[in-house]
Amino acid sequence: MGVGDHLAVLLENQPEFFDVVWAAMRLGLYVTPINWHLAAGEAGYIVRDCDATALVATARLADVVAEMGDDLTAVTDPPRRRR
């Protein structure tokens, strides 16, 4: 990812949301927050429509991300699990 790339953020209401968004903005990324209450099809549409090349999500929302399927084709960064 580099300046001008797009990051989609799918997190619950938690303080870490701000860490992710502020870090992305400092890197010069465009950020699209996604409401964690949305269904996989709705969230996937947003990821595809904003041309995100990376997605940040919590493990709790892994099922939603897995159901996004083809909507994640532009997401090029490999998923990483935080320990």
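These are my notebook entries on a predicted model.

**Ground rules.** The model is predicted, so I took local features only at pLDDT of at least 70 and side-chain atom pairs only at pLDDT 80 or more, while totals for chains, interfaces and linings use all residues. Residues are numbered from 1 along each chain as its sequence is written, and side-chain values use heavy atoms, with hydrogens and water left out.

**Overall layout.** I looked up the elements first. The protein has three helices and three strands. Both are DSSP runs numbered from the N terminus: helices are H or I with at least four residues, strands are E with at least two. From the N terminus on, the order is β-α-β-α-β-α. The radius of gyration (over C-alpha atoms) is 12 Å, close to the 12 Å that the globule rule gives for 83 residues, so the protein is as compact as a globular protein of that length. That rule is 2.2 Å times the number of residues to the power 0.38. Along the principal axes, the C-alpha atoms fill a box of roughly 30 × 25 × 20 Å.

**Contacts and burial.** I took contact as heavy atoms within 4.5 Å. Among contacts between residues at least 6 apart in sequence, 65% join residues at least 24 apart. Buried residues make up 31% of the 83 residues. Buried means under 20% relative accessible area, exposed over 50%, partly exposed in between (1.4 Å probe, protein chains only).

**The sheet.** Next I traced the strands. They form an open sheet in the order β2-β1-β3, with parallel pairing. Strands pair if DSSP finds at least two bridges between them. β2 (30-33) and β3 (54-57) are the edge strands, each pairing on one side only. Strand β1 (residues 6-10) is joined to β2 by four bridges. I noted that His-6 has Tyr-30 in β2 as its bridge partner.

**Aromatic rings.** A search of the whole structure gave two aromatic pairs. Rings of Phe, Tyr and Trp (its six-membered ring) pair with centres within 6.5 Å; planes under 30 degrees apart are stacked, over 60 edge-to-face, the rest tilted. Phe-17 and Phe-18 have ring centres 5.6 Å apart and planes at 80°, so I logged the pair as edge-to-face. Phe-18 and Trp-22 make a tilted pair, 5.4 Å centre to centre with 35° between the planes. Both lie in helix α1 (residues 16-26), four residues apart, about one turn of the helix. Phe-17, Phe-18 and Trp-22 form one cluster.

Phe-17 is partly exposed at 22% relative accessibility. Phe-18 is partly exposed at 42%. Trp-22 is exposed at 52%.
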